[in-house]
Amino acid sequence: MTRPPTPDPTATGAGDAYRFERFRTGLLVGDMYFASDAPGPGDRVPDFDLPTLDGPRFASADLGPRPVLLVFGSRTCPVTESAGPVLRGLHAEFGEAVRFVLVNTREAHPGQLLPQPRTFERKWEHARELRRHHDLPFEVAVDGINGAAHRAFSPKPNSAYLIGPEGTILYRAHWANDERGLRGALAAVVRGAAPERGHSRGMAGSLLRAVGHLPGIVEAAGSRVERDVWLAAPPLALLGRLSRLFGRLPADRRGAAATALLAAVLLAAALVPLLL
């Protein structure tokens, strides 16, 4: 078994705030947009030098000869849960021409069973579980306990960046389960062309695909996760609860079904007074 490298000392200040214990409304709001100064297409990647579970470093100064698809994620992120099959499929299609690396971050929804790591050793174990759970056939890197690399990119729970070998960002996706956007960008870069768009347009659809995975995250991380989501984002929690009614559907489709059900109920409630 590969042992984790000796980590840097735990940071204070921004690092402490990064390692939140309970999911809050402000975190959800921050996840919905990139700040104007966040790295994007045409920018060089921020400096980073991260260990990977199997030994080689993942460093901005030595990305290798191929383009890189860098994805951030965690075991308790519903969007990462939805993105797992997407990334495996894209790797099977483009893995010979593009280096794939998933960087394990803070837990998006820490709970009693999967708490927010407070030591690098615990974060390393979470990264191992993330790789095992998703059966990832490519590199998994581990960010420092204070999330320095993640914060430098803008700490979205499951963003993705397609990067040229020289370190220039070619494409940015808000959510890594946006299969159509990522496939188009990867195909263009493999052909030697620039992606048609520099940014993914996936937002609402990506979130709806993730909603159906929320109950599974609650089961894996602990019941506190659902309570936190009810307090931070009641509509999201309600859709997650309703998605349980559609267990026969693939998880990616349960959020849309729950949304349709909720819309039908609200429409019926609005029409009842008119019919009386």
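Student: Why does E93 count as partly exposed?

Tutor: In this predicted model, E93 has a relative accessibility of 43%. Buried means under 20%, and exposed means over 50%. The 43% of E93 falls in between, so E93 counts as partly exposed.

Student: How do you know that R183 forms a salt bridge with E93?

Tutor: Look at the closest N and O atoms of the two residues. They are 3.0 Å apart. The cut-off for a salt bridge is within 4 Å. The distance of 3.0 Å meets that cut-off, so the pair counts. In general terms, side chains of opposite charge can pair when their charged atoms come close.

Student: What makes R183 and E93 a link between distant parts of the chain?

Tutor: R183 sits in helix 6 and E93 in helix 3, and the two are 90 residues apart.

Student: Why does R183 count as partly exposed?

Tutor: Its relative accessibility is 27%. That value lies between the limits of 20% and 50%, so R183 is partly exposed.

Student: Which salt bridge joins R183 and E179, and what is its N to O distance?

Tutor: Their side chains meet at 3.1 Å, N to O. That is within 4 Å, so this pair is a salt bridge too.

Student: Why are R183 and E179 separated by about one helical turn?

Tutor: They are 4 residues apart in helix 6, which means about one helical turn between them. E179 has a relative accessible area of 32%, so E179 is partly exposed.

Student: How many salt bridges does a search of the whole structure find?

Tutor: The search finds 13. One of them joins the side chains of E21 and R118, at 3.3 Å from N to O. E21 lies in the loop between helix 1 and helix 2, and R118 in the loop between strand 4 and helix 4, 97 residues apart. There is also a network of salt bridges that links R75, E81, E129 and R132.

Student: Are E21 and R118 buried, exposed or partly exposed, and how do you know?

Tutor: E21 is at 34%, so E21 is partly exposed. R118 is at 41%, so R118 is partly exposed as well.

Student: What makes the phi of D135 worth a look?

Tutor: The phi of D135 is near 50°, a positive value in a residue other than glycine. Most residues other than glycine have a negative phi. D135 lies in the loop between helix 4 and strand 5.

Student: Is D135 buried or exposed, and why?

Tutor: The relative accessible area of D135 is 56%. That is over 50%, so D135 is exposed.

Student: What is the phi of S154, and where does S154 lie?

Tutor: S154 has a positive phi of about 105° although it is not a glycine. S154 lies in the loop between helix 5 and strand 6.

Student: Is S154 buried or exposed, and why?

Tutor: S154 has 9% relative accessibility. This is under 20%, so S154 is buried. I163, in strand 6, has 0%, so I163 is buried too.

Student: What makes L267, L271, L274 and L275 a nonpolar surface patch?

Tutor: A patch needs residues with over 30% relative accessible area and no salt bridge, and nonpolar side chains are joined within 5 Å. These four residues make a patch of about 460 Å². Take L275, in helix 11. L275 is at 73%, so L275 passes the 30% limit and counts as exposed.

Student: How many cavities of 30 Å³ or more are there?

Tutor: The search finds 1.

Student: What makes the largest pocket a pocket, and how much space lies in it?

Tutor: A pocket is an open set of points, while a cavity keeps the probe in. About 460 Å³ of space lies in the largest pocket. Of its 28 lining residues, the closest to the centre are L28, M32, W175, L207 and L236.

Student: How do the residues of its lining divide?

Tutor: The lining of the largest pocket has 21 nonpolar, 3 polar and 4 charged residues. Helix 7 gives the largest share, 4 residues.

How values were computed. Residues numbered from 1 in each chain as written. Predicted model: local features only at pLDDT ≥ 70, side-chain atom pairs only at ≥ 80, totals over all residues. Heavy atoms only, no water. 1 Å grid on protein atoms, 1.4 Å probe; cavity = no way out; pocket = protein on both sides within 12 Å on 5 of 7 lines; lining within 4 Å. Points joined across faces, edges and corners; volume = space filled by probe spheres on them. Nonpolar A, V, L, I, M, F, W, Y, C, P; charged D, E, K, R; others polar. Patch = residues over 30% accessible without salt bridge, like charges linked within 9 Å, V, L, I, M, F, W, Y side chains within 5 Å. Areas by Shrake-Rupley, 256 points an atom, 1.4 Å probe, with all protein chains shown as cover. Buried < 20%, exposed > 50% of the residue type's maximum accessible area, 1.4 Å probe, protein only.
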